Amino acid sequence: MIFFWSLVVYKAKGENFLVLPPMKLFVLDVNGVLCSSRGKGRPAKLRPGVDMFLSTLLEWKKNHLIEVGVWTSMLERNATVILDQLFTSEEKKLLLFTWFADKCTPCVDRPFKSYKNLSQVWRVFPYFHSDNTTLFDDTEFKAQSYPQNLHLIETYNPKDSEDRVLPNLLRELQYHLNEDTRPRDPKTSPAM
Ligand SMILES: [Mg+2]
C-alpha cells in the first residue's frame, strides 16, 4: 500500500516556506469493501462502520485533503441501488467520479473477469498519478496493472458481526493524515 502524504516544500529567495500536503486520490471499490452485494439490483448488506467511514472521507474531501472516487466492476444498473444506500444525493456530488463495469478492462487470463486500470483515471484526471492514488479493493487482480497502488481490503463477510475493518482503516488513514498535516519546521525537516 502506498501512503504518499509527503509534504511539498516550496522554495523562494533561497528559503523554504509554505508546507502543504498534496491532495491524494482514494478510489473505492464497492462490493466486498463497503458492503456485501446480494446480487442483481438488490440492496446490499452494509459493512459495519461504513457510514462513518464515508462521511469522514467526504469531510476530508471538503477540506481539500483528498479526492474520493468510486469504481465498481458491477454494472451500473446493479450498483445504483447500493450507491443509493451508501451515499446521499449531496454526498454523490462530492465524488470525483463514479465508474462502473464499462470502465474496467477484460482480463486476458481470467474469463469474464475484468480489472481496474488506474491509468484510465490518470488520463481523465491528470493531477493524479501513481504517487498520489490508492485503490481500496478486496480483489488483488483488480489492481493488476498497478499493484503498488492497491490497498488490499479483507472481503466483507456479512456473517461476521465483529467486522471492524472500516473503523480500523479509518484510524490508520487518520493517523497518516495527521502525520503529514502536522506543522514542521522546514529548517529541520528534509524536503520530501
Ligand atoms: Mg470487491
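Helix α1 has 13 residues, which at 1.5 Å a residue should span 18 Å. Its end C-alpha atoms lie 18 Å apart, so expectation and model agree. The model is a predicted one. The protein chain holds five helices and 11 strands. Of its 192 residues, 25% are buried.

**Helix α1**
- Which residues of α1 are buried? They are Phe53, Leu54, Leu57 and Leu58.
- Viewed down the axis of α1, these buried residues fall within an arc of 120 degrees, so they line one face of the helix.
- The face turned away from that buried side carries Met52, Ser55, Glu59 and Lys62, which are exposed.
- An α-helix has 3.6 residues a turn, so residues three or four places apart point the same way.
- His64 follows α1 and has a positive phi, near 65 degrees.

**Helix α2**
- Helix α2 runs over residues 76–86, and its buried residues are Ala79, Ile82, Leu83 and Leu86.
- Down the axis of α2, the buried residues fall within an arc of 105 degrees, so one face of the helix is lined by them.
- Arg77 and Asp84 sit on the other side of α2 and are exposed.
- What covers the buried residues of α2? The cover includes α1 (50–62), along with strands β4 (35–36) and β7 (97–99).

**Strand β5 and Leu46**
- Strand β5 spans residues 45–46 and contains Leu46.
- Is Leu46 buried or partly exposed? Leu46 has 17 other C-beta atoms within 10 Å. A buried residue needs 20 or more, and an exposed one has 12 or fewer, so Leu46 counts as partly exposed.
- Setting aside residues up to four places away in sequence, Leu46 touches Cys35 and Gln85.
- Leu34 is 12 residues from Leu46 in sequence, and their C-alpha atoms are 6.4 Å apart in space.

**Contacts across the chain**
- Take the contacts in the protein chain with a separation of 6 or more: 67% of them join residues 24 or more positions apart.

Terms used: Residues numbered from 1 in each chain as written. Predicted model: local features only at pLDDT ≥ 70, side-chain atom pairs only at ≥ 80, totals over all residues. Helix = DSSP H or I, 4+ residues; strand = E, 2+ residues; numbered from the N terminus. Arc of directions from axis to C-beta. Contact = placed C-beta atoms within 7 Å. Expected span 1.5 Å × (residues − 1).
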